[in-house]
Amino acid sequence: MATRTALVGGGATGIGFATAGQLALAGHRVVITGRRADALDAAAAELRAGTGGDVHWLAGDLADPVATAAVAAEVTGRYGSPDILVLNAGGPPPGRILQIDDEQWQSAFGLLLLGPLTLARLTLPRMAARGFGRVVFLTSTAVRQPQPDLALSVVLRSAVTAAAKLLAREYAAEGVTVNCVAPGPTATRRREQILTARATATGRTHADLDAEDAASVPAGRAGRPAEIGAAVTFLASAEASYVNGTVLTVDGGRTETI
Ligand SMILES: NC(=O)c1ccc[n+]([C@@H]2O[C@H](COP(=O)([O-])OP(=O)(O)OC[C@H]3O[C@@H](n4cnc5c(N)ncnc54)[C@H](OP(=O)(O)O)[C@@H]3O)[C@@H](O)[C@H]2O)c1
């Protein structure tokens, strides 16, 4: 199997960390990124120890196009332009559609759309020139089944899904695929933040909301980050060459669409 270079956003924790581990186990060189150098350094060391893989890190704010471009340039300078791009970072703050102010819309637009598009712009043409590339956007089942208290995620990730579809068609003939993985509730820091916000907004207990959320999933539980990472790793594989422009929901069966 060919060894590829994978750039994984939000790789210090949660879904990004688990994905980085699985890509390393699949034999790829992995570069994780995020904003906190200390967390990335510790995560990369843990991933190297756990997988025996070739894991590196670079700090950068993926909501800032200038910093994002700097990350892309640095990765390319050190390891070559990435063959696999996992477009993942933090989620936007919760809030219902009319509670979000302009500043929050702008900030979430940078985090969810502009940063990932900057990375795509800088790396996809190079993937196409080499005849191989895999791009996976981490989104949310909120694009399939809207969640009223996650308006920023619902609206902007729908736009991200549309952008992924356009990108998928752009370089399909050159061996580049672009897909989305849409997780349902997954046991990470992000899920804890959402449950805490719901507890504050409703006056209900965190434990109560946790149990209710788990019960809404046919599998009866939140997902494990590795279960999301496995889906991303499949889409990043050479074998997934004919899967393009799709949204893979990984949600224990929760999404109620056919
Ligand atoms: N967990 C769920 O239930 C769930 C469900 C659906 C969708 N998602 C989505 O999945 C994605 C990953 O979340 P997670 O659950 O793995 O949560 P997480 O553990 O909080 O991970 C988020 C990661 O992104 C990094 N990050 C945040 N803002 C960033 C920025 N501006 N630039 C670069 N890195 C940034 C964080 O590191 P730093 O803070 O150091 O930057 C952190 O490592 C999020 O977009 C989330 O909305 C999660």
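Modeller: The radius of gyration is taken here over C-alpha atoms, and the globule rule is 2.2 Å times the number of residues to the power 0.38. The model is a predicted one.

Colleague: What radius of gyration does the protein chain have, against that of a compact globule?
Modeller: For 258 residues, the rule puts a compact globule near 18 Å, and the value for the protein chain agrees with this. Along the principal axes, the C-alpha atoms fill a box of roughly 50 × 40 × 35 Å. The radius of gyration of the protein chain is 17 Å.

Colleague: Of the contacts between residues at least 6 apart in sequence, how many join residues at least 24 apart?
Modeller: The protein chain has eight helices and seven strands, and 45% of its residues are buried. The share of those contacts that join residues at least 24 apart is 74%.

Colleague: Is serine 81 buried or exposed?
Modeller: Serine 81 sits in the loop between helix H3 (65-79) and strand S4 (84-87). Beyond four places in sequence, its contacts are Thr76, Thr123 and Arg126. A residue needs 20 or more other C-beta atoms within 10 Å to be buried. Serine 81 has 21 such neighbours, so the residue counts as buried.

Colleague: Which residues come nearest to the ligand?
Modeller: The shell around the ligand divides into ten nonpolar, twelve polar and six charged residues. Of the 28 residues in the shell, the nearest are Gly10, Gly14, Gly90, Gly91 and Arg190.

Colleague: Which elements give two or more residues to that shell?
Modeller: Two or more residues of the shell around the ligand come from each of two helices. These elements are helix H1 (14-25) and helix H6 (189-202).

Note on methods:
Residues are numbered from 1 along each chain as its sequence is written. This is a predicted model: local features need pLDDT of at least 70, side-chain atom pairs count only at pLDDT 80 or more; totals for chains, interfaces and linings use all residues. A residue is near a molecule or strand if its C-beta atom, placed from the backbone, lies within 6 Å of it. Helices (H or I, at least four residues) and strands (E, at least two) are DSSP runs, numbered from the N terminus. Ala, Val, Leu, Ile, Met, Phe, Trp, Tyr, Cys and Pro count as nonpolar, Asp, Glu, Lys and Arg as charged, and the others, Gly among them, as polar. A residue is buried if 20 or more other C-beta atoms lie within 10 Å of its own, exposed if 12 or fewer, and partly exposed in between; C-beta atoms are placed from the backbone. Two residues are in contact if their C-beta atoms, placed from the backbone, lie within 7 Å.
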